[in-house]
Every structure is written in C-alpha cells, then in structure tokens.
Amino acid sequence: MVTITGIDFKNPTMLASGIMGTTGASLLRIAGCGAGGVVTKSIGPEPKAGHPNPSMIELECGFLNAMGLPNPSYTEFDNEMKIVRSGTDVPVIASIFGGNAEDFVKVAEGLADSEPAAFELNVSCPHAEGYGATIGTDTCMVESITAAVCDAVDVPVWVKLTPNVTDIKAIGKAAQNGGADAVVAINTLRGMAIDINSGYPILGNRFGGLSGPAVKPVAIKCVYDLYEALDIPVIGVGGVSTWEDAVEMMMAGASAVQIGSAVHESVDIFSDIASGIDLFLQDKGYSAVEDIIGLSHEVF
Amino acid sequence: MKPVDAKIVEIVEESPSIRTFRFDVSFDDALPGQFVMVWVRGVDEVPMGSSYLNGITVQKVGDATSKLFDMKVGDSVGLRGPFGKGFTLPKKDEHILIIAGGVGAAPLGPLADYASECGAKVTTILGSRECYELVFEDRFSSAGELHITTDDGSAGTCGFVTTVLADMDVSVYDRICVCGPEIMMANVMKVLQEKDALDRSEFSMHRYFKCAIGVCGACCMDPQGLRVCKDGPVLNGSLLIDSELGDHKRNSSSQRVRV
C-alpha cells in the first residue's frame with residue numbers, strides 16, 4: 001500500500017489520464033484489472049469532439065497522438081463518475097482542463113459532488129490550442145489556476161506538467177506555490193510524423209504528443225529534477241511498461257507511477273507491474289515501497 | 001505502424017451508395033472480420049471492415065467516404081491494419097449461418113469465402129431495404145444456401161432478416177455470424193437469445209473510433225468497457241447481453257446518444 005496526498009492506494013500503479021478513461025464502464029474495467037488508482041480522461045467545460053483522425057499512430061519507438069481533448073463536458077461526465085465511484089473502492093482522480101482559472105473552477109465544482117479522490121489539473125496537453133501546455137508553460141498561469149482550484153475544492157489537487165519547457169522545476173514550483181498537493185510528470189513530448197508518400201503530416205492535427213518507450217528517459221530526468229526541487233510528492237508517468245520501468249521511475253523520485261500507452265499491450269498490465277514491484281522489494285529486502293522512492297538521490 | 005500508401009486499382013459499384021475499392025496493397029494476414037483504418041488524406045481516417053484482403057466495401061455516409069467516392073482508379077489512400085479481433089474461423093464440416101444487413105455484408109464476404117474453401121457449410125440470410133442495395137449476393141450464393149430479404153419486398157422475402165431467422169431451426173449451426181445496422185443486430189440478438197443460441201453467435205460491432213489500437217477508450221461499450229477496436233469488433237453474443245447494443249452509443253465527444 002502507498003499513501004499519496006492522504007489517499008491510500010493498494011499499489012503504486014495508476015491508469016494515466018487519456019487512456020480508457022472516457023466512460024465509467026472502462027474506468028471500472030481498469031480498476032478491476034488491478035490498478036491502484038484510475039485517472040479520468042481530461043474533462044472540460046464544454047463538449048469537445050477533438051481533432052480529426054488519424055489521432056494516434058504507433059511508431060517504432062512509441063506512440064504519437066493528437067486526440068484534442070475530446071470529452072462530453074463535466075455536466076455529462078458527472079454520471080460516468082458516479083458509475084465508477086459506485087462500482088469500486090479504487091480511488092478515482094478526475095483530470096480536468098480549461099482555458100483559464102474560471103473554467104478550471106467551474107469544472108472542478110461541477111464534478112465535486114461525484115466525490116473524486118483528487119483532481120489532476122491538465123496544464124500540459126501539447127496539442128490543444130488555448131488549453132493544456134499553452135497554460136502549463138507559463139508559471140504565473142500555473143500558480144493562479146492551481147490556487148483557484150485549491151480554494152474551490154476540499155480534496156487534494158495534483159498538477160500534471162508538460163516536459164515541453166526549458167525548466168520543468170520552475171513550473172513544478174509554481175504549482176507548489178499555488179498550493180498543489182502533488183505534481184504528475186510528464187505529459188507527452190511534442191512530436192510529428194509525415195507520410196513520405198504524400199507529404200501530409202499523418203496526424204489530423206498535424207502534430208501531437210509522443211508517448212511510450214521513447215519518452216521514458218525524459219520522464220525519468222524530469223521526475224528526478226522535480227523530486228529534488230519540490231517538497232510535494234511527484235507521480236511519475238511516461239513510458240512505463242514493465243515493473244522495471246516502474247522501479248526506475250520510483251528510484252528517480254516518483255511516489256507512484258501512471259501507465260498509459262502500455263495498455264496497448266494488455267489491460268492486465270497494472271496487476272503485472274504491481275506484483276513485479278512487490279517481488280522486487282522482497283528479493284532486495286526492502287520493507288516497503290517507500291524505501292525505493294528517491295533512492296537514486298541518496299546513493300552518492 | 002504508419003499508414004501504407006495504397007493505390008486504388010479497381011472500383012466496383014455494388015449499389016448506388018455502396019462501392020468496393022480494391023488496392024494495390026494486400027493485407028494477406030487479415031482474418032475475416034478484422035478492419036483497416038482508411039486515411040483519406042486531408043479529411044479523416046475511418047475504420048472499414050476488410051471485404052477482401054486488398055479491398056474495402058464502403059457506404060457513402062460522411063466526409064471521408066464522400067471524398068473516397070470522388071476518387072478514381074490511380075488515386076491513393078493510407079491504410080493501417082489489419083486491426084481487431086475477427087470471426088472465429090470455421091472448420092471443415094462445420095455449418096455456419098451468416099446474417100448480413102446492407103453494407104454489413106462487407107466483413108462477412110471473406111468469411112463466406114473462407115468457410116466454403118475450408119469445407120464448412122454456409123447458409124446466409126442477406127437483407128437490405130431494396131433489391132438494388134443487396135451486397136455480395138453472388139458471393140454468398142456461391143458459398144452455399146442464400147435467403148434474401150428486402151424491407152419493400154422487391155426481392156426475396158418481404159421483411160427483415162429476422163423474419164427468416166424466426167422460422168429457422170438454429171440448433172443446426174455451429175456458429176451464427178452477424179453484421180448489419182445496429183437495430184437489425186439488436187433484433188437478431190433478441191431472436192437468438194429466445195432460441196438459446198447467443199453463446200454460438202458473433203456480432204461485428206461498429207462504434208466511433210479514434211485511436212483504433214485499444215488505447216484511447218473512445219469506442220468502449222457499456223457496461224463491461226469492452227473496446228470495440230481491440231476486444232472486437234467481433235464480439236460473442238453472450239458478451240452483449242444487457243449491453244448498450246441497440247440502446248446507445250458515444251459520439252465523437254463521448255456523449256451518450258440514442259441508437
């Protein structure tokens with residue numbers, strides 16, 4: 001078990017936002033597959049259809065996607081939240097987005113009565129104009145939005161960070177100064193692929209975000225830096241597909257890991273990784289998962 | 001995989017609104033019931049059940065299919081696939097029942113071909129609104145016995161596929177493979193449930209797809225969260241009991257909409 005921002009998780013694996021998180025039924029399915037927690041698709045103030053397809057392609061090194069924050073809006077998602085909340089004890093974290101602090105507060109307040117365990121603020125989507133990383137690269141916006149949501153809700157607030165910045169520590173500190181209870185790092189790295197037969201960018205949005213194995217070293221470095229710079233927990237996400245990846249992320253400083261693209265291989269990945277971590281701890285003689293969190297900072 | 005460049009080598013007009021496009025690219029490992037993502041560059045990318053190893057059979061319904069219908073032999077699209085789970089492959093001496101409605105015949109054509117080639121017996125109920133909308137009539141009749149139904153009675157039995165199905169003894173079939181409009185499939189499911197044949201039935205579902213590779217969750221069905229693009233599109237009928245089939249689906253914003 002691991003406790004993060006006052007929430008108990010039966011294991012340190014969570015479903016990352018944007019993956020099988022649009023319906024209560026799919027979130028329940030992942031909860032049933034052994035995830036310690038589940039994070040919803042990012043929910044906004046208005047229904048949004050997202051970008052035209054292709055919206056996700058598999059590359060040799062990972063995945064490229066530009067979904068475009070499709071979501072049914074908080075008013076409709078409230079019902080999905082109730083379905084998942086009433087069907088499982090696994091903590092459900094509501095990921096939310098907006099174009100400004102007022103939007104974020106409106107969505108957070110709108111979903112508050114469905115009692116998410118925490119809110120995760122998406123200030124990091126790399127391909128939705130006016131949302132996500134447009135906000136998340138600006139320390140003042142990150143701090144003020146975080147502060148506004150923290151004022152409006154009485155559950156923990158996590159802030160998901162973009163790696164598409166010069167110094168992720170500054171953005172992390174802005175979230176911390178705004179009152180964030182934890183940061184989540186990283187969202188996808190901006191990327192693009194072009195169809196050489198026609199010259200067309202493949203994604204409907206032309207560019208998108210890279211995830212999967214290719215981004216893991218970037219995520220490890222971001223988590224490592226944030227762990228040193230901040231006083232609040234860091235939740236690691238980016239390219240985790242095995243228990244070894246999860247252990248590495250935790251040694252860099254992650255209190256828990258989120259898993260996204262790797263669901264492509266199997267939805268059973270959560271219990272596989274959780275039991276892999278447990279066996280590793282036993283083999284190495286660690287008494288608890290806390291023993292390895294940030295270990296790489298202590299070995300020198 | 002990135003989309004493969006596929007040049008159109010043949011266009012067959014199956015009906016006024018349904019055409020088959022054959023490409024210079026063949027997905028030789030595609031199984032009946034699997035689908036490909038068809039990228040009409042600059043417009044959209046849409047899922048299409050493979051009707052041939054190198055072909056798709058398409059109804060003109062939206063932007064991407066309209067643009068596809070403007071294309072000529074020599075024009076090209078991008079193809080990714082084959083994706084998803086297809087129909088259970090028939091074995092020699094098995095007897096399968098195919099129930100196809102409208103353009104839903106597309107993924108069932110290759111199943112009929114496969115079944116007759118491997119020595120399985122095939123019976124088909126092929127339905128459409130009017131006689132000129134019947135797809136793959138010759139293909140199904142050369143695979144085995146064929147029952148035709150049309151809503152207006154312009155060919156075969158006047159009525160729906162369920163009109164013929166209701167009077168059938170389905171206990172003789174090892175499997176019943178279904179694809180067609182959602183309301184048709186929901187009605188077929190009811191009949192098969194009454195006949196206690198649901199666990200031997202397989203339905204090819206259609207839902208709005210985004211990623212098409214089992215990651216994003218846009219096509220998940222209630223209440224089990226089954227991904228139509230990866231756990232399906234072909235799902236055993238027993239998985240669809242009390243599901244959203246025939247009731248609701250999600251639009252591109254993941255809002256629930258009535259079927």
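Helices (H or I, at least four residues) and strands (E, at least two) are DSSP runs, numbered from the N terminus. The views below show a predicted model, in which local features need pLDDT of at least 70 and side-chain atom pairs count only at pLDDT 80 or more, while totals for chains, interfaces and linings use all residues. Residues are numbered from 1 along each chain as its sequence is written, and chains are lettered from A and ligands numbered from 1 in the order in which they are written.

View 1. Just after H6(A), A:Gly179 adopts a positive phi of about 105 degrees. Helix H6 (residues 168-177) of chain A is itself mostly covered, with seven of its ten residues buried (a residue is buried if 20 or more other C-beta atoms lie within 10 Å of its own, exposed if 12 or fewer, and partly exposed in between, with C-beta atoms placed from the backbone). The buried residues of H6(A) are A:Ile168, A:Ile171, A:Gly172, A:Lys173, A:Ala174, A:Ala175 and A:Gln176. Their cover includes helix H4 (133-136), helix H5 (139-152), strand S9 (157-161), strand S10 (182-185) and helix H7 (216-229) of chain A, where two residues are in contact if their C-beta atoms, placed from the backbone, lie within 7 Å.

**View 2. The crossing of helices H8 and H9 in chain A.** The axes of helix H8 (residues 243-252) and helix H9 (residues 269-284) of chain A come within 8 Å and cross at roughly 65 degrees; axes are lines fitted to C-alpha atoms, for helices over the stretch in contact, and angles run from 0 to 180 degrees between N-to-C directions. On the H8(A) side the contact is made by A:Trp243, A:Ala246 and A:Val247, and on the H9(A) side by A:Ile273, A:Gly276, A:Ile277 and A:Phe280.

**View 3. A four-stranded open sheet in chain A.** The strands of this antiparallel sheet follow the order S5-S6-S12-S11 in chain A, two strands being counted as paired if DSSP finds at least two bridges between them. Strand S5 (56-58) and strand S11 (189-191) of chain A are the edge strands, each pairing on one side only, and the twist averages 30 degrees from one strand to the next. Strand S6 (residues 63-65) and strand S12 (residues 208-211) of chain A run antiparallel and are joined by three bridges, and A:Asn65 stands opposite A:Gly209 in S12(A).

**View 4. Positive phi values at residues other than glycine.** In the loop between S6 and helix H2 (74-87) of chain A, A:Leu69 has a phi near 50 degrees; A:Leu69 is buried, with 22 other C-beta atoms within 10 Å. B:Phe136, which lies in the loop between strand S8 (121-128) and helix H3 (137-143) of chain B, has a positive phi of about 65 degrees, and B:Phe136 counts as buried because 25 C-beta neighbours lie inside 10 Å.

**View 5. Cis peptide bonds in chains A and B.** A cis peptide bond with omega of about 15 degrees joins A:Ala185 and A:Ile186, and A:Ile186 is placed in the loop between S10 and S11 of chain A. In chain B, the peptide bond from B:Asp222 to B:Pro223 is cis, with omega near 0 degrees, and B:Pro223 is found in the loop between strand S13 (220-221) and strand S14 (226-227).
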